[in-house]
Amino acid sequence: MDTHDEGSNAPHGPGGRHGPDSGTAGPGEPRRAGGIDEPAGSLVTGDTARPHVTPELSGPEVEPGAREPQDPAEPLVGTRLGVAALSPRYQVGAALALAVVAVVACVHLGMVFLHVAPSNTVTKQHGKAIDDWIYPEFEQNWKLFAPNPLQQNIAVQVRAETHGEDGSTSTTGWYDLSAEDGRAIRGNPLPSHTQQNELRRAFDYYAGTHDNDNRPVGMRGTLSEEYLRRIVVLRLDRDHAAGGGTLQRVQVRVRTAAVPPPRWSGERVSSEPAYRVLPWWTVPAAEARGGVR
């Protein structure tokens with residue numbers, strides 16, 4: 001009696017050898033591994049499929065423990081920067097320079113504080129040392145907060161007597177130094193402190209140590225004259241007032257005019273300027289040769 005082999009003659013259905021669950025694929029069909037479709041080009045070993053991966057090229061080796069920078073310009077972790085990148089000798093030099101700057105700054109702040117502070121034991125015993133440090137460059141005052149602040153326009157002007165190369169002597173016209181400072185400041189969002197205050201404070205210092213007849217009052221009268229003279233000589237040198245010659249003498253005058261009051265105030269002030277003419281000052285030979293800088 002013939003026996004029927006159901007497995008060999010079973011139709012190609014869901015349970016057949018060549019059905020959908022079979023591991024063997026027909027021509028042009030993707031192979032299956034473990035019941036999972038594999039795309040063309042995949043490597044299949046037995047029943048396990050593995051995608052084909054192209055090895056990537058390795059970049060430059062990075063020091064162990066260092067993070068690879070995202071930006072080529074970014075330094076690696078562990079790279080020394082700033083002062084730490086200097087040699088020990090230069091690090092010591094930088095530390096000493098910073099220490100000197102810190103000490104000088106602290107001394108200056110302390111001197112200014114003692115200068116503006118009320119009279120105390122320290123200022124009584126060391127008042128001369130404090131004044132020598134403060135005057136004339138760092139003088140302090142409270143005019144900005146006075147009950148009646150200054151309401152005047154003050155212009156410092158100077159002229160010079162020069163000695164030419166041919167032996168002739170001539171006198172220049174008046175140079176308005178305050179107007180020069182005003183032109184340098186106007187339109188400048190960050191004007192120089194020197195341009196704003198040096199010349200004005202020099203004359204205030206002179207006026208505070210001299211009477212109306214230009215005679216010195218107190219111990220700082222001579223110092224204020226020297227300070228103002230050196231400033232105007234320096235400014236004349238910048239303006240080439242002497243030409244090819246040398247400065248022999250300088251004379252300063254101050255033009256003072258009242259600030260016009262607003263129309264709504266009803267206040268009336270004179271618009272006529274007043275002049276204060278200082279005596280002629282002889283310029284030392286060192287300053288005449290450009291020794292003031």
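**Definitions and basis**

A residue is called buried under 20% relative accessible area, exposed over 50%, and partly exposed in between (1.4 Å probe, protein chains only). The model is predicted, with local features requiring pLDDT of at least 70 and side-chain atom pairs counting only at pLDDT 80 or more, while totals for chains, interfaces and linings use all residues. Residues are numbered from 1 along each chain as its sequence is written, and side-chain values use heavy atoms, with hydrogens and water left out.

Side chains of opposite charge can pair when their charged atoms come close. A salt bridge here is a side-chain nitrogen of Lys or Arg within 4 Å of a carboxyl oxygen of Asp or Glu.

**Pairs within a helix**

Helix H3 (residues 121-134) holds both Lys128 and Asp132, four residues apart, about one turn of the helix; helices are DSSP runs (H or I, at least four residues), numbered from the N terminus. The closest N and O atoms of this salt bridge are 3.1 Å apart, and both residues are exposed.

In helix H5 (residues 193-208), Arg200 and Asp204 are separated by about one helical turn because they are four residues apart. Their salt bridge has its closest N and O atoms 3.7 Å apart. Arg200 is partly exposed, at 42% relative accessibility, whereas Asp204 is buried, at 16%.

Glu287 forms a salt bridge with Arg230, with 3.4 Å between the closest N and O atoms. This pair links distant parts of the chain, 57 residues apart: Glu287 lies in helix H7 (residues 285-288) and Arg230 in helix H6 (residues 221-238). Glu287 is buried, with a relative accessible area of 9%; Arg230, at 43%, is partly exposed.

How values were computed:
Helix = DSSP H or I, 4+ residues; strand = E, 2+ residues; numbered from the N terminus.
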